[in-house]
Amino acid sequence: MSLNYHYMQLPREVIVGKGTLCRIPEVAKRLGLKGKALVMSDQQCYELAGKAVSGFLEQSGLTVDFIQVKTMTMTDILAVEKQIKTLQPQVLFGVGGGTIIDSAKVSSGKLKIPFISVPTTVSHDGIASPLASIKGSDKPFSVMSQAPLAIIADTQVIAKGPWRFVISGCGDIISKYTAVKDWQLAYMENGEYYGGYAASLALMSAKLVTENAELIVYRQDEGLRVLLEALISCGVAMSIAGSSRPCSGSEHLFSPALDIINTKHAMHGEQCGVGSILVAYLQKSNWQRIKTTLKQLGAPTTAAELGIQDTDVVKALEMAPKIRPERYTILHKLNLDTEACKKTAKATGIIN
Ligand SMILES: [Zn+2]
């Protein structure tokens, strides 16, 4: 289907920094939030930030309800939707990591109410994107939902979370080097839509995290801000493109393939980072730079560091293009057999 217009849904307010939760009353005022708000979180994130979010919303004159979510399966989504229908909030606040933010995104999107993203972790770019992944659905990758109306990211809250999540977020960002190359390939060889602005935003995010790796490693607030801004820029890039294309290439097919092959898999961003090394090698680009940056950040760069078998890497690389046959990437072009996948993984030092 060809369209003569291009639709973009973008966040209206983005606030990133130390102690930003206390900005909620002014955000509520600017956005004209009134009536009922629903805060969605799990117990831990509620203690970490949800309670404060609720308090600030009450201060702003809103009535606040709380709903607890743990997982993000189709059943969970339906249960959440039922509660939203009963409570009838004007706005939904997702306070937590990827699962909670995605839950808030999907359920609010389906019921056509705005949602505000308050991330407590930075493990992947879903905190600001219009895409969400639902566990147990027939699609093992993220699908379009709605963009957050606002993003309020407090580095003080995020710094309290596990460091591994931060490093996973870096891996997700660094993988944009290969994602954009795959998008360009799909444009050149398959005539797919390509947006230079969205691609540049994703690439710039990868460059910024690469250049500021040292700041991030030393756990400086400034480093965390760079990562958060990169994750938000990637979310915006996807909103502009109207798909996950600028941020998700064949390295993002390698990661769900690994999830299927080994249930004790690593984190999304960690797997995408390793996937990106493999894919950059196949794209004949600078895979060494990606590997060096990941190493510098303390992110996994081998099968052993991902906690998986060498054979899992080979199988996942071979399975990856089948995860999404319609999304043309270098893996679809090359159509590697087992031996070629093994050779790639060995050449890049991912396996022995
Ligand atoms: Zn990702």
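## Ser41 and strand β2

The side chain of Ser41 reaches the backbone oxygen of Val95 at 2.8 Å, a polar contact being a pair of N or O atoms within 3.5 Å in which, within protein, one must be able to donate a hydrogen and the other to accept it, and residues adjacent in sequence count only if both atoms are side-chain atoms. Ser41 lies in strand β2, residues 36-41; helices (H or I, at least four residues) and strands (E, at least two) are DSSP runs, numbered from the N terminus. Ser41 counts as buried, at 0% relative accessibility, where buried means under 20% relative accessible area, exposed over 50% and partly exposed in between, with a 1.4 Å probe and protein chains only. Not counting residues up to four places away in sequence, Ser41 touches Tyr46, Phe66, Ile67, Gln68, Val69, Val95 and Ile100; contact means heavy atoms within 4.5 Å.

## Basis of the model

This is a predicted model, in which local features need pLDDT of at least 70 and side-chain atom pairs count only at pLDDT 80 or more, whereas totals for chains, interfaces and linings use all residues. Residues are numbered from 1 along each chain as its sequence is written, and side-chain values use heavy atoms, with hydrogens and water left out.

## Overall dimensions

The chain has 17 helices and eight strands. For 352 residues, a compact globule would have a radius of gyration near 20 Å, and the chain agrees with this at 20 Å; the radius is taken over C-alpha atoms, and the globule rule is 2.2 Å times the number of residues to the power 0.38. Along the principal axes, the C-alpha atoms fill a box of roughly 60 × 50 × 35 Å.

Buried residues make up 57% of the 352 residues. The accessible surface comes to about 15200 Å², and 52% of this belongs to carbon and sulfur atoms; areas come from the Shrake-Rupley method with a 1.4 Å probe, and for residues only the protein chains shown count as cover. Among contacts between residues at least 6 apart in sequence, 77% join residues at least 24 apart.

In soluble globular proteins, nonpolar side chains tend to be buried together. The largest nonpolar core has 86 residues, of which Met40, Leu92, Val209, Leu227, Phe254 and Val313 touch the most other members. Helix α10 gives the most to this core, with 12 residues. Apart from it lies another core, of 23 residues, among them Val39, Val91, Phe93 and Val157. A nonpolar core is a set of buried Ala, Val, Leu, Ile, Met, Phe, Trp, Tyr and Cys residues joined through side-chain atoms within 4.5 Å.

Leaving aside neighbours within four places in sequence, Leu92 is in contact with Leu38, Met40, Ile84, Ala104, Ser107, Ser108, Ile113, Pro114, Phe115 and Ile116.

## Helix α8 and its cover

Helix α8 comprises 16 residues, 196-211, and should span 22 Å at 1.5 Å a residue; its end C-alpha atoms are 22 Å apart, in agreement. The expected span is 1.5 Å times one less than the number of residues.

The buried residues of α8 are Ala198, Ala199, Leu201, Ala202, Ser205, Ala206, Val209 and Thr210. Their cover includes α6 (163-174), α7 (176-190), α9 (213-217), α10 (221-241) and α13 (287-297).

Glu251 belongs to helix α11, residues 251-261, and is buried, with a relative accessible area of 0%. Its side chain makes a polar contact with the side chain of Thr178 at 2.8 Å. Beyond neighbours within four places in sequence, Glu251 is in contact with Ser175, Thr178, Ala179, Asp182, Cys272, Gly275, Ser276 and Val279.

Ser168 is placed in helix α6 and likewise counts as buried, at 0% relative accessibility. With neighbours within four places in sequence left aside, Ser168 is in contact with Ser123, Met267, His268, Gly269 and Glu270.

## Exposed loop residues

Lys18 is found in the loop between β1 (13-17) and α1 (24-31) and is exposed, with a relative accessible area of 58%. Lys18 and Ile158 are 140 residues apart in sequence, yet 9.5 Å apart in space, C-alpha to C-alpha. Apart from neighbours within four places in sequence, Lys18 is in contact with Asp154, Thr155, Gln156 and Asp221.

Most residues other than glycine have a negative phi. Arg219, although not a glycine, has a positive phi of about 55°; it is found in the loop between α9 and α10 and is exposed, with a relative accessible area of 55%. Asn335, also not a glycine, has a positive phi of about 45°. Asn335 is in the loop between α16 (330-334) and α17 (338-347) and counts as exposed at 63% relative accessibility.
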